[in-house]
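Morning, everyone. Please look at the sequence and the model on the screen, and I'll walk you through some rings and some sheets.

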Amino acid sequence: MDPLPPGDVRRYTNALAFLPVTVIATQSLTMRYPRVTALDRLTVDITPGVTGLVGANGAGKSTLIKILLGLSPATEGTASVLGMDVSRDGGAIRERVGYMPEHDCLPPDVSATEFVVHMARMSGLPPTAARERTADTLRHVGLYEERYRAMGGYSTGMKQRVKLAQALVHDPRLVLLDEPTNGLDPVGRDDMLDLIRRVYTDFGISVLVTSHLLGELERTCDHVVVIDGGKLLRASTTADFTQDAALLAVEVTDTDTHPDGTAALRTALTSAGLTLQAPTEAGAPGSGHLLLVDVGAAGGADAGADAVHDTVRDAVADLGLGLIRMEHRRHHISEVFQDDTPAPQLELAGTRPQEGGSDDVA
Amino acid sequence: MSPEPSPPAVASRATDVIHNIGYRSYDGPRLGRAYARRSLFLQSLRGAYGLGRSAKSKVLPMILFAVMCLPAAIMVAVAVTTGLDELPVDYTAYASFLLPVISIFIAAVAPQTVSLDLRFKIVPLYFSRPIERADYVSAKFTALSSALFVFTAVPVVILYAGALLAKLDFVDQTKGFAQGLLAAAAFSLLYAAIGLAVAALTPRRGFGVAAIIAVFTIPYTLVSALQAIAEEQGSIDATGWLGLASPGTLMDGLQGKFLGGTTEFPGGRQLTGGEGVVYLLVIAAAIAGSYLLLLRRYRKAGL
């Protein structure tokens with residue numbers, strides 16, 4: 001895993017493209033500002049593929065991106081991107097990495113073509129190649145005739161596509177996407193997530209995508225890294241993560257024998273040994289009638305999940321309640337960071353930090 | 001000869017079909033940091049005249065450029081047709097003669113060069129590419145000084161061409177022309193540095209425009225007034241030192257002393273040798289200081 005000298009790595013990167021090497025590796029990476037510690041001894045290895053970086057606002061996602069691009073030196077620790085050291089080879093890294101910022105970054109009076117060609121040249125592409133790749137890349141992200149119009153008139157979805165195109169135009173080996181679905185409507189969000197998936201599957205470019213929504217990352221990502229307060233909370237494959245994080249939402253009717261069916265079922269399930277989430281925000285409509293059963297806490301394996309389903313079914317049948325719905329819910333990442341339920345979540349995250357990390361991510 | 005000529009013909013026709021070739025990777029050269037800096041320079045220089053931008057952005061710079069060249073063209077026409085024995089204006093004095101037009105040009109173009117990148121947050125995109133912060137500053141500074149040099153030197157070239165057409169003395173005119181180009185270069189460096197440093201302070205273009213006009217006109221008017229008062233009071237020596245306080249009078253003194261022009265100072269006074277050296281130093285310090293301010297400004301800006 002030790003990186004080769006940068007020159008060699010750049011020469012051999014094409015040959016190594018499909019071998020399971022790390023694209024990003026950090027070693028006790030720490031970033032302290034005078035008032036806050038943005039990253040706290042973060043050690044993580046990220047393999048080729050689509051990796052989600054999840055954390056609440058201020059968790060250290062943007063700081064990590066800045067360090068990975070070689071733009072601000074870390075206080076302590078080391079990091080390497082594509083085998084190059086971020087503190088020494090920032091320029092070489094930025095030549096082979098694409099970056100899509102979270103905020104708007106498009107001048108309104110310039111056309112998408114003009115802008116992306118300029119950005120391609122800023123990445124070192126000769127003029128002819130810059131024009132050819134701009135046309136190709138804009139087509140791949142789904143921008144056609146409108147690419148000759150000034151960008152001021154674009155919709156949010158089109159702007160996001162141009163932002164993605166400028167990050168891909170120089171055929172990077174890795175792109176860093178900062179909250180690419182921000183501000184999009186549900187359809188636009190789905191399109192963007194599919195596009196991100198294609199960036200890896202069709203273009204062969206590894207992706208690190210940040211989000212504060214775990215739900216949208218599980219569809220797109222092979223791996224998920226969760227950070228909070230600059231610390232690594234969890235790094236594992238998406239399958240493992242959503243398995244453990246899965247919840248079963250159960251809603252039942254009330255009957256004459258059980259005027260409060262929800263409470264009756266809660267008691268029954270608790271006595272059957274299942275873990276139930278505390279009744280959540282009183283303000284949310286209907287939340288009083290919804291039971292959230294932790295599927296992962298029962299053991300995490302498929303057998304455990306099935307057992308949970310059976311227990312719920314039997315309990316509902318025994319009580320004679322009508323089952324309105326029983327559906328899988330994923331943790332919304334903001335739940336993970338809610339102040340009132342930190343302890344069980346942290347335990348959950350801490351159950352297998354190293355095994356998960358070492359088999360899946362190293 | 002093959003007995004069946006038709007299959008190859010079919011195959012060759014089949015290759016004419018347009019295929020969706022999917023994603024193509026790029027294995028060509030990556031020209032790196034110096035090339036990226038040059039690209040940014042060219043893009044900013046073109047952008048200063050509105051090239052590669054919307055039609056609306058081209059209007060003002062192009063009109064100003066026409067206004068700048070028109071008097072030179074008229075003078076040349078007069079000189080050629082009436083057979084004057086010298087041009088009606090010195091090469092070095094032409095820029096100060098049209099100083100208000102140049103001030104408006106810088107006020108329009110300097111914010112265009114840097115404020116747009118700040119306002120629309122394009123700066124982080126640049127810094128996520130191979131260039132460093134210093135490259136950004138140097139590209140923008142060279143671009144604006146080149147734009148200004150084109151703006152101030154083209155009329156000088158027109159004057160020179162006209163002078164040659166009018167068969168004025170070649171040696172005299174060439175010397176004046178060279179001095180005029182040097183004055184334009186010094187002028188462009190000083191005004192570009194100050195203009196950029198002011199424009200980079202704010203992402204708001206309107207503020208930038210107002211601030212630059214203020215910086216270039218208020219001290220100049222003030223210094224000229226003080227110089228006039230000083231002359232009234234009989235202390236003509238003070239006018240030289242007062243002239244250090246505004247970019248306009250600095251350039252005026254410089255071209256009067258070193259480039260064979262005449263100054264607009266009261267009584268057309270020329271600087272003494274010592275004053276001349278101080279003027280040179282102050283101009284160099286103003287350029288360097290503004291440049292350092294710019295570097296500082298972009299040390300913090302970024303992702």
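First, a term: buried means under 20% relative accessible area, exposed means over 50%, and partly exposed is in between, with a 1.4 Å probe and protein chains only. By that rule, B:Phe177 is buried, at 15% relative accessibility. B:Tyr91 is buried too, at 7%.

Some ground rules. This is a predicted model; local features need pLDDT of at least 70, side-chain atom pairs need pLDDT 80 or more, and totals for chains, interfaces and linings use all residues. Residues are numbered from 1 along each chain as its sequence is written, chains are lettered from A and ligands numbered from 1 in the order in which they are written, and side-chain values use heavy atoms, without hydrogens and water.

Now the rings. Rings of Phe, Tyr and Trp (its six-membered ring) pair if their centres lie within 6.5 Å; planes under 30 degrees apart are stacked, over 60 edge-to-face, the rest tilted. How many aromatic pairs are there over all chains? The search finds 14. One of them is B:Tyr91 with B:Phe177, edge-to-face, 6.3 Å centre to centre and 70° between the planes. Why care where they sit? B:Tyr91 is in the loop between α3 (55-82) and α4 (94-97) of chain B, and B:Phe177 is in helix α8 (residues 170-199) of chain B, so the pair ties together parts 86 residues apart in sequence. Helices here are DSSP runs (H or I, at least four residues), strands are too (E, at least two), and both are numbered from the N terminus.

There is also an aromatic cluster: B:Tyr49, B:Phe65, B:Phe105 and B:Phe151.

Over to chain A. Two strands pair if DSSP finds at least two bridges between them. An open sheet of 4 strands runs β2-β1-β4-β5 in chain A, with antiparallel pairing. At its edges stand β2 (37-46) and β5 (84-85), each with a single partner strand, so one side of each has no neighbour in the sheet. Strand β1 (residues 24-32) of chain A is joined to β2(A) by 6 bridges. A:Ile24 faces A:Ile46 in β2(A).

Next, the other sheet. In chain A, 6 strands form an open sheet ordered β6-β7-β8-β3-β9-β10, and the pairing is mixed. Its edges are β6 (97-100) and β10 (231-237) of chain A, each with a single partner strand, so one side of each is left without a neighbour there.
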